Amino acid sequence: MTQNSCNNCSHFYITYKNNFPYGCRAFGVISKKTPYLEIKNISGTDCALFSNRIKNGNIKVKKGKLA
């Protein structure tokens with residue numbers, strides 16, 4: 001698995017700011033680029049706090065009328 005995709009990390013989030021749309025809760029970073037690229041440019045190493053996002057498997061499909 002490649003770590004250069006923040007979309008699979010549990011610390012990644014989308015901000016409400018137009019100028020800085022991406023954020024990382026682990027490092028406290030908001031940026032125009034994905035946080036992985038910012039951390040890679042600043043430190044020169046890969047993200048050390050990457051953790052897989054847990055998907056909710058308990059979603060049940062309801063059958064029947066919507067209204």
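Tyr13 stands opposite Gly23 of strand E2. The model is a predicted one, in which local features need pLDDT of at least 70 and side-chain atom pairs count only at pLDDT 80 or more, whereas totals for chains, interfaces and linings use all residues. Residues are numbered from 1 along each chain as its sequence is written, and side-chain values use heavy atoms, with hydrogens and water left out.

**Sheet**

E1 and E2 pair in the antiparallel sense over three bridges. Strands are DSSP runs of E with at least two residues, helices are runs of H or I with at least four, and both are numbered from the N terminus; two strands pair if DSSP finds at least two bridges between them. The open sheet contains three strands in the order E1-E2-E3, with antiparallel pairing. Because E1 and E3 (29-31) are edge strands with a single partner strand each, one side of each is left without a neighbour in the sheet. On average, neighbouring strands of this sheet are turned by 25 degrees against each other, direction ignored; the axes are lines fitted to C-alpha atoms.

**Aromatic pair**

Rings of Phe, Tyr and Trp (its six-membered ring) pair if their centres lie within 6.5 Å; planes under 30 degrees apart count as stacked, over 60 as edge-to-face and the rest as tilted. The count comes to one aromatic pair. Phe12 and Tyr22 form this stacked pair, at 6.0 Å centre to centre and with 25 degrees between the planes. The pair links distant parts of the chain, ten residues apart: Phe12 lies in E1 (residues 12-14) and Tyr22 in E2 (residues 22-24). The table gives the accessibility of both residues, where buried means under 20% relative accessible area, exposed over 50%, and partly exposed in between (1.4 Å probe, protein chains only).

| Residue | Relative accessible area | Class |
|---|---|---|
| Phe12 | 9% | buried |
| Tyr22 | 29% | partly exposed |

**Cavity**

A cavity is a set of points on a 1 Å grid over the protein atoms alone where a 1.4 Å probe fits but cannot get out; lining residues have an atom within 4 Å of a point. The structure holds one cavity of 30 Å³ or more. E2 and helix H1 (35-43) each supply at least two lining residues, and H1 gives the largest share, three residues.

Technical notes:
1 Å grid on protein atoms, 1.4 Å probe; cavity = no way out; pocket = protein on both sides within 12 Å on 5 of 7 lines; lining within 4 Å. Points joined across faces, edges and corners; volume = space filled by probe spheres on them. Axes fitted to C-alpha atoms, helices over the stretch in contact; angles between N-to-C directions.
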